[in-house]
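Please open the model in a viewer and keep the selection tool at hand.

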Amino acid sequence: MRILVTGGAGYIGSHTVLALLNSGYEVVVLDNFSNGSWEALLRVEGLTGKRITLVEGDIGDRGCLDHLFAENAIDSVLHFAGLKAVGDSMADPLTYYVNNLAGTLTLCQAMSCADVHELVFSSSATIYGDGHPMPLHEGLPSGRPASPYGRSKLMVEEVLRDLAGSDNRWRIALLRYFNPVGAHPSGEIGEDPQGAPNNLVPFIAQVAVGRRDELVVYGNDYSTPDGTGVRDYIHVMDLAEGHLRAMVALSERPGVSVWNLGTGRGHSVLEVIAAFERAAKRRIPYRIEARRPGDIAAYWADSAKAQAELGWWARRSLDEMMADTWHWQQGNPCGYQRKLGIATG
Ligand code: NAD
Ligand code: UFG
């Protein structure tokens, strides 16, 4: 089977490409490299001993997509391509809607013309919005996500439901990720944010490796056990394996299927820091500041549906997530630019 992976040069995409290749699939990656890395794909080829067909292009470029589908007999599409910085989406919502929403519409049109109707979409727990009892399960009504980024994910979910309702050849998975962290255990591929990281774990990792002086903890006055925010952190390799399970399941599931991909366990910011300190055997200096606008106190997944329907559950612990993050960061203090010898800020 040949799988198109949009955004395959990015963080979650590259780990999923690796899992696909190791499971015997052929992979075509489409990426515009706005946030992806050639080096990641080279390393995936090195780790697997398999070749990736790479198309440098944009999901919004219909000509590029038509050419790609004409040249490659694609059976299924894993659609990771998208912009994901919540703050940037508030400053520049149009760019987010053009890239994430319009880009996905163009991709679906090209798929339809090429008679490819199987799609796994990277959605997000952010679509649940605030105010639900925990844990979050797939039957809850979607809320109002706090950012244009989150709303672009919700809009795509709605579009894909309409699409599946209009034509019963479509088989679509909406995978709602919780907080992906960690890296492949080889330490060869991992998360490589450009500029200062927005997210907790890559920030901690950069403090640990000496690229940043200290972590800022956004608020210790939430109504959580230690006052800091609680999230459901999931190892990126568990997430990658969830995609393979979802894709296989889709062959017998017409219409839209929705699965949370989380561990079902919440961890506070201070628990994550402590786990990282155990993994790296060093202190992580931090100071407490005010809450970050838009953050909510706590959420975690009900992951029973994926377990029952896909036979999938997250196997890796928080300690493993932190150990693998540290292995990657320690071996690649400046991310993928290390081996290329490019100075980083
Ligand atoms: P990433 O930025 O590392 O990867 C996204 C990849 O898509 C990059 O390689 C980028 O170059 C590429 N890309 C972006 N726009 C493109 C376009 N128009 N055409 C072609 N390629 C394009 O992000 P990630 O963390 O791997 O996230 C993958 C997907 O999962 C995204 O859709 C993201 O919104 C979603 N998601 C991520 C998280 C998270 O915390 N990382 C949580 C929930 C959902
Ligand atoms: N945090 C800090 N300091 C930091 C960064 C984060 O204290 O420097 C705290 C946050 O306040 C929050 C927790 O760490 O309590 C996790 O924050 P992240 O930024 O790592 O993750 P979020 O839960 O805010 O959001 C992430 C992705 C979104 C996605 C969502 C899905 O960034 O794109 O998970 O659950 F939608």
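Predicted model: local features only at pLDDT ≥ 70, side-chain atom pairs only at ≥ 80, totals over all residues.

Residues are numbered from 1 along each chain as its sequence is written, chains are lettered from A and ligands numbered from 1 in the order in which they are written, and side-chain values use heavy atoms, with hydrogens and water left out.

**First stop: helix 1 and helix 8**

Select residues 11–22, which form helix 1, and residues 236–250, which form helix 8. Helices (H or I, at least four residues) and strands (E, at least two) are DSSP runs, numbered from the N terminus. The two axes come within 9 Å and cross at roughly 60 degrees; axes are lines fitted to C-alpha atoms, for helices over the stretch in contact, and angles run from 0 to 180 degrees between N-to-C directions. Helix 1 is therefore oblique to helix 8. Angles under 35 degrees count as roughly parallel, over 145 as roughly antiparallel, 65 to 115 as roughly perpendicular and the rest as oblique.

Now display the side chains where the helices touch. Helix 1 contributes Tyr11, Ile12, His15, Thr16, Leu18, Ala19 and Leu20, and helix 8 contributes Val236, Met237, Leu239, Ala240, His243, Leu244 and Met247; contact means heavy atoms within 4.5 Å. These residues divide into 11 nonpolar, three polar and no charged. Here Ala, Val, Leu, Ile, Met, Phe, Trp, Tyr, Cys and Pro count as nonpolar, Asp, Glu, Lys and Arg as charged, and the others, Gly among them, as polar.

**Second stop: the largest cavity**

Which residues line the largest cavity? Select Tyr11, Val181, Gly182, Gly190, Glu191, Val201, Pro202, Ala205, Thr325, Trp328 and Gln329 to see the lining. The elements that give two or more residues to this lining are helix 7 (200–208) and helix 11 (318–331). By kind, the lining residues of the largest cavity divide into six nonpolar, four polar and one charged. On a 1 Å grid over the protein atoms alone, a cavity is a set of points where a 1.4 Å probe fits but cannot get out, and lining residues have an atom within 4 Å of a point.

Keep helix 7 and helix 11 selected: their axes come within 10 Å and cross at roughly 50 degrees. That angle makes helix 7 oblique to helix 11. In the contact, Val201, Pro202, Ala205, Gln206 and Ala208 of helix 7 meet Met322, Thr325, Trp326 and Gln329 of helix 11. The contact residues comprise six nonpolar, three polar and no charged.

Among the residues in contact are Glu271 and Arg278 of helix 9 and Asp319 of helix 11. The contact of helix 9 with helix 11 divides into nine nonpolar, one polar and three charged residues.

**Last stop: two loops**

Most residues other than glycine have a negative phi, and most peptide bonds are trans. Select phenylalanine 33, in the loop between strand 2 (26–31) and helix 2 (38–48); its phi is near 60 degrees, a positive value. Then select proline 135, in the loop between strand 5 (118–124) and helix 6 (148–166). A cis peptide bond joins methionine 134 to proline 135, with omega about -5 degrees.

Methods. 1 Å grid on protein atoms, 1.4 Å probe; cavity = no way out; pocket = protein on both sides within 12 Å on 5 of 7 lines; lining within 4 Å.
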